Amino acid sequence: MHRLISLLLTLFVGLTWTGAASAQGMGMDGPEPKVVYHVDYEGVRRFSAQLTSIYNMVHHYRNQLVNYDVRVVVNSFGVRFFTDDNLEDTPFEAGEQLKEQREDLKGRIRSLMDTYDVQVAICGITREQIGLSKDAFYDGVSFVDSGVVEVAKLQQKGFAYIKAE
């Protein structure tokens, strides 16, 4: 009988230790993960890959029941992915590939924002330079004075920086 109790106790301790080690290895032993994704490029394929990366991250954390804070900061060419305006006669004009994929990208952005609580902040400097009103951007995005300053502030607050290459 003592052997059975010892065996069960050993098994329980082993499983508990393994679970703790797994949680620690997934970054769940400290404060909630904080990540800022930076979007300032024009490539549609690259942006699509970044959306996939964001989804993979937040989906993983949700499945592990881990609280997280994932944000997207957008400036320069990146603004073209967060509006239906084609930005004609600006340096950020939407090309054919973006026009063809816009609805799919928009749906993925909406899903990340609405389902996974990903926050999106648009650079006010870029927005003003192209003369686009705040109403022209997708619902739910916020606006910051400067995108790069916002990225720097978030990094000072412990956010990890990720940018698709």
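**Exercise 1. Is Ser48 buried or exposed?**

*Solution.* Welcome to a predicted model, in which local features need pLDDT of at least 70, side-chain atom pairs count only at pLDDT 80 or more, and totals for chains, interfaces and linings use all residues. Residues are numbered from 1 along each chain as its sequence is written, and side-chain values use heavy atoms, with hydrogens and water left out.

Step 1: apply the cut-offs, where buried means under 20% relative accessible area, exposed over 50%, and partly exposed in between (1.4 Å probe, protein chains only). With a relative accessible area of 18%, Ser48 is buried.

Step 2: look for its contacts (heavy atoms within 4.5 Å). Leaving aside neighbours within four places in sequence, Ser48 meets Leu105 and Arg108.

**Exercise 2. Work out how strand β2 is joined to β1 and β3.**

*Solution.* Step 1: count bridges, given that two strands pair if DSSP finds at least two bridges between them.

Step 1: trace the crossovers. From β2 the chain passes through helix α3 (residues 96-116) to β3 in a right-handed β-α-β crossover. β1, helix α2 (residues 44-63) and β2 also form a right-handed β-α-β unit. Right-handed means that, with the strands pointing away from the viewer, the path from the first strand over the helix to the second runs clockwise.

Step 2: check the cover of β2 (residues 69-74): five of its six residues are buried.

**Exercise 3. Follow Val72 into the largest nonpolar core.**

*Solution.* Step 1: recall that a nonpolar core is a set of buried Ala, Val, Leu, Ile, Met, Phe, Trp, Tyr and Cys residues joined through side-chain atoms within 4.5 Å.

Step 1: Among the 37 residues of the largest core, Phe47, Val70, Val72 and Phe82 touch the most other members. Helix α2 gives this core its largest share, seven residues.

Step 2: list partners of Val72. Not counting residues up to four places away in sequence, they include Tyr37, Ile54, Phe82 and Val120.

Step 3: turn to the other core. Five residues make up a second, separate one, including Val36, Val73, Val151 and Phe159.

Key
Helices (H or I, at least four residues) and strands (E, at least two) are DSSP runs, numbered from the N terminus.
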